[in-house]
Amino acid sequence: MSDAEGSAAVSMDLGQDHAEIRDAVRKICDRFPGTYWHRLDAESAYPTEFVAALTESGFLGVLIPEEYGGSGLPLRAATVVLEEIHAAGCNAAACHAQMYIMGALLRHGSVEQKRRYLPKIASGELRLQAFGVTEPTTGSDTTQLKTRAVRDGAFYVVTGQKIWTSRALHSDLMLLLARTTPVESVRRRTEGLSLFLVDMREAKGNGMEIRKIDAMINHGTTEVFFDQLRVPAANLIGKEGSGFRYVLDGMNAERTLIASECLGDARWFIRKASAYAGERVVFGRPIGQNQGVQFPIARAHCEAEAAELMIRKAAALFDAGQDCGAAANMAKLLAADASWHAGEAAMQTFGGFAFAREYEVERKWRETRLYQIAPISTNLILAYVAQHVLGMPRSY
Ligand SMILES: Cc1cc2nc3c(=O)[nH]c(=O)nc-3n(C[C@H](O)[C@H](O)[C@H](O)COP(=O)(O)OP(=O)(O)OC[C@H]3O[C@@H](n4cnc5c(N)ncnc54)[C@H](O)[C@@H]3O)c2cc1C
């Protein structure tokens, strides 16, 4: 190798680290220790105080432009917020949607809708936390969803059912995807779906009913039933029939942000497991002195570092206005795997104590398992990569 090659400058822009944001988020999280989450988990209760603290700090409005009262920061800044929350042992699922669901409104809403809703979403006066896409009978096959919205004068009449609509009991508004043109009457099944902003304060008891699902994690997730709910036509987002495209538009940001939560979880598991492995003495030496204990933790760390690079890449492409579909999907897959493997390593390292709820390991382990399935399952990401990145035939 020549000297010139050996000393060649390496250009690698990993994106900003936003140390000041990390620091501020950490300070908020310090006020919500494991005992807080442990109690909520046992009571299946919503972290009202935590969400209020994040709302007051303005962190939930980081992606809303300044002209609408938000901070107008790039996606990279939002990824850092969610990563830190999860690395601190907290869980952002109770409010993360407030950060990104509004993207559909921001990109496709009318000027009137944006002026009316975005400043109040930025201040937290209005909670836009619920996103109704998934349905019980059609699952991942979104374009087959059965909820219908039929135009009737100045209203749409909505009938159908959503499932796993998280935070519906803690939100004022819901972004709802419903079919406005029957699937038999459209050229492509992605057409004929429309996106609505439903004011749940008015809808509850007037054609909309919400039932909480008793779930494996404390996620405030629900089933929502629509029976002739009248939604003002003024609440249609963008053009009738284009809703599926608007939802897809927002998914890259969502995947990159959820990947950051996974990364935070992985960091938490790795930190806890390494510390415990150094302290716990069995057979006269720390368990972490055994390679069988240290290697899974070290491997999880390698995976988390790699996932972080993909998250940074996805955020950089998104913030530059470039296509980030592949990177966002891969970031989500790699980070979800890293957090799951880190969780498994932590469970094994803690041995029997992993089952004692006061250690928090089992709670985080249950919580991080979700990312293999939602908001998109691992198989569907692999199908995307196989088809759109590698050019193989569509498999679904
Ligand atoms: C706690 C929680 C919160 C959620 N929050 C929301 C929310 O707020 N809003 C919302 O709309 N949804 C939400 N979801 C739903 C979530 O997005 C779906 O559960 C997820 O997309 C998978 O859909 P499904 O459960 O219907 O699984 P299915 O589509 O029934 O799939 C079941 C399994 O089969 C696999 N599979 C299906 N088809 C294929 C194929 N062609 N090739 C290979 N594998 C395949 C899947 O990967 C999966 O592992 C939430 C789910 C949970 C559990």
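**Figure 1. Packing of helix α5 against helix α10 in the predicted model****.** The axes of α5 (residues 75-87) and α10 (residues 243-279) come within 7 Å, crossing at roughly 35 degrees. The crossing of α5 past α10 is right-handed. On the α5 side, the contact is formed by L75, A78, T79, L82, E83, E84, I85, H86 and A87. Helix α10 contributes A253, T256, L257, S260, E261, L263, G264, D265, R267 and W268. Classified by residue type, this α5-α10 contact contains 9 nonpolar, 5 polar and 5 charged residues.

**Figure 2. Domain 2 and domain 3 of the protein chain****.** The chain is divided into domain 1 (19-123), domain 2 (128-241) and domain 3 (245-389). The centres of domain 2 and domain 3, taken over C-alpha atoms, are separated by 31 Å. At the contact between these two domains, 8 residues of domain 2 meet 7 residues of domain 3. The side of domain 2 that touches domain 3 comprises 6 nonpolar residues and 2 polar residues, with no charged residues.

**Figure 3. Residues surrounding the ligand****.** The ligand is surrounded by 22 residues, of which V133, G139, S140, W164 and S377 are the closest. Two or more residues of this shell are given by each of the elements β1 (128-132), β3 (155-166) and α14 (378-389). Both domain 2 (128-241) and domain 3 (245-389) supply at least three residues to the shell. Its composition is 12 nonpolar and 10 polar residues, and no charged residue is present in the shell around the ligand.

Note on methods:
Residues are numbered from 1 along each chain as its sequence is written. This is a predicted model: local features need pLDDT of at least 70, side-chain atom pairs count only at pLDDT 80 or more; totals for chains, interfaces and linings use all residues. A residue is near a molecule or strand if its C-beta atom, placed from the backbone, lies within 6 Å of it. Helices (H or I, at least four residues) and strands (E, at least two) are DSSP runs, numbered from the N terminus. Ala, Val, Leu, Ile, Met, Phe, Trp, Tyr, Cys and Pro count as nonpolar, Asp, Glu, Lys and Arg as charged, and the others, Gly among them, as polar. Domain bounds come from an automatic or database domain assignment. Axes are lines fitted to C-alpha atoms, for helices over the stretch in contact, and angles run from 0 to 180 degrees between N-to-C directions. A crossing is left-handed if the near helix is turned anticlockwise from the far one by less than a right angle, and right-handed if clockwise.
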